[in-house]
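I opened a new model today and went through it from the whole chain down to single residues. My entries are below.

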Amino acid sequence: MTQVYNFSAGPAMLPHDVLVRAQKEITDWHGAGMSVMEMSHRGKEFISIAEKAEADLRNLMTIPDNYKVLFLQGGASSQFGMIPMNLLRGKTQADYINTGAWSKKAIAEAKRYCDVNIAASTEDSSFTTTPTQADLKLNPGAAYVHYTPNETIGGVEFPYVPETNGVPLVADMSSTILSREIDVSKFALIYAGAQKNIGPAGLTIVIIREDLIGETLPGTPAMFDYKNFSDNDSMYNTPPTYGWYLAGLVFEWLKDKGGIAGMAEINQRKATALYDAIDGSSFYASPVAKDSRSWMNVPFTLVDSELDSVFLAEAKEASLVTLKGHRSVGGMRASIYNAMPEEGVLALVEFMAGFEKRHAK
Ligand code: PMP
């Protein structure tokens, strides 16, 4: 079978070089005589893998020393509950910015633990915009402010980091982490499921300012207390070892590509090529406001939606797969994470132009 360009929103493409390296090492990691999957997480081989992955991530993102990096399980969805359990710290209110499907899920879960103030919502625009800083009605008594810098389904991305005047800022970076440079010190907590820009599903990364660890709601399960993971180098129980190893290979690959700055340049070029193709044609349309368009998830529609299934079938023939939009939005969505090569985006742009020529009335 020929290699395809996979535009899935997640689990998503992994860098080809990473997969080849993992294949080479799968039965015998560096002469250990066994696979990483078979190693004790407490043995020196795995500890060296774990430490290197963390050091590389710290280096890539310039994570300050007063932040812990945790390698967890449970997906980003577990964080929707863990965040209020760990960050309310005696307070009863939290601010949430509602920009789409993932914000909504985080809000629904937080409501089980605290009073949620919706600091801003873009629901009126069907989640095709982001609020401006001036739109945010922040509550100074909030324990924290939560937002979703990149909404994977709607394809909206904040063009700025909200200013919260000292209230801890929490970001669900599942679909934007490592895609562009950010200043980690502006955030109290960053979390991300791995299956888009980090590695395989099953690993969740949390980057948390140390002083916020250690005070949980009564009844918080041990597995949901950041302190247990922070005190034990993420090995309070058996961590997702193979996912951690693969994430480490992805971090090495990213370093070879010029780090996040280098990757961001490529990502911007990829996104621009695709948005230009959409905007330059009356056959395709983007629902998202220009200042809030995601670099990672690009939803677009065919003006004649009757052609949707033909588009998907012909795209598949051209080895361009998983372009169907989310069921709540319809149309198409091209997720173009770090591992999607620039050639993949250019192949999609070329296909779109050809499809238009063949099918425009
Ligand atoms: N937040 C965002 C922005 C997401 O895109 C996703 C998954 N697509 C989630 C949260 C949920 O992640 P998980 O499936 O790892 O729980």
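**Ground rules.** I am working with a predicted model, where local features need pLDDT of at least 70, side-chain atom pairs count only at pLDDT 80 or more, and totals for chains, interfaces and linings use all residues. I number residues from 1 along each chain as its sequence is written, and side-chain values use heavy atoms, with hydrogens and water left out.

**Whole chain.** I looked up the secondary structure and found nine helices and 14 strands. These are DSSP runs (helices H or I, at least four residues; strands E, at least two), numbered from the N terminus. The radius of gyration is 21 Å, close to the 21 Å that the globule rule gives for 361 residues, so the chain is as compact as a globular protein of that length. That radius is taken over C-alpha atoms, and the rule is 2.2 Å times the number of residues to the power 0.38. Along the principal axes, the C-alpha atoms fill a box of roughly 65 × 55 × 30 Å.

I then checked burial: 53% of the 361 residues count as buried. The cut-offs are under 20% relative accessible area for buried, over 50% for exposed, and partly exposed in between (1.4 Å probe, protein chains only). Next came contacts, meaning heavy atoms within 4.5 Å. Of those with a separation of 6 or more, 67% are between residues 24 or more positions apart.

**Asn297.** I found Asn297 in strand β12, residues 297–302. Is Asn297 buried or exposed? Asn297 counts as buried because its relative accessibility is 0%. Its side chain makes a polar contact of 2.7 Å with that of Asn150 and another of 3.0 Å with that of Ser335. A polar contact here is a pair of N or O atoms within 3.5 Å; within protein, one must be able to donate a hydrogen and the other to accept it, and residues adjacent in sequence count only if both atoms are side-chain atoms. Beyond four places in sequence, Asn297 also touches other residues, including Ala9, Tyr275 and Arg333.

Most residues other than glycine have a negative phi, and most peptide bonds are trans. I noted a cis bond from Gly10 to Pro11, with omega near -5°. Pro11 sits in the loop between β1 (5–6) and α1 (16–25).

Phe127 has a positive phi of about 60°. I placed Phe127 in the loop between β4 (115–121) and β5 (145–147), and Phe127 is buried at 13%. Asn165 also has a positive phi, near 50°. Asn165 lies in the loop between β7 (156–157) and β8 (169–172), and Asn165 is exposed at 65%.
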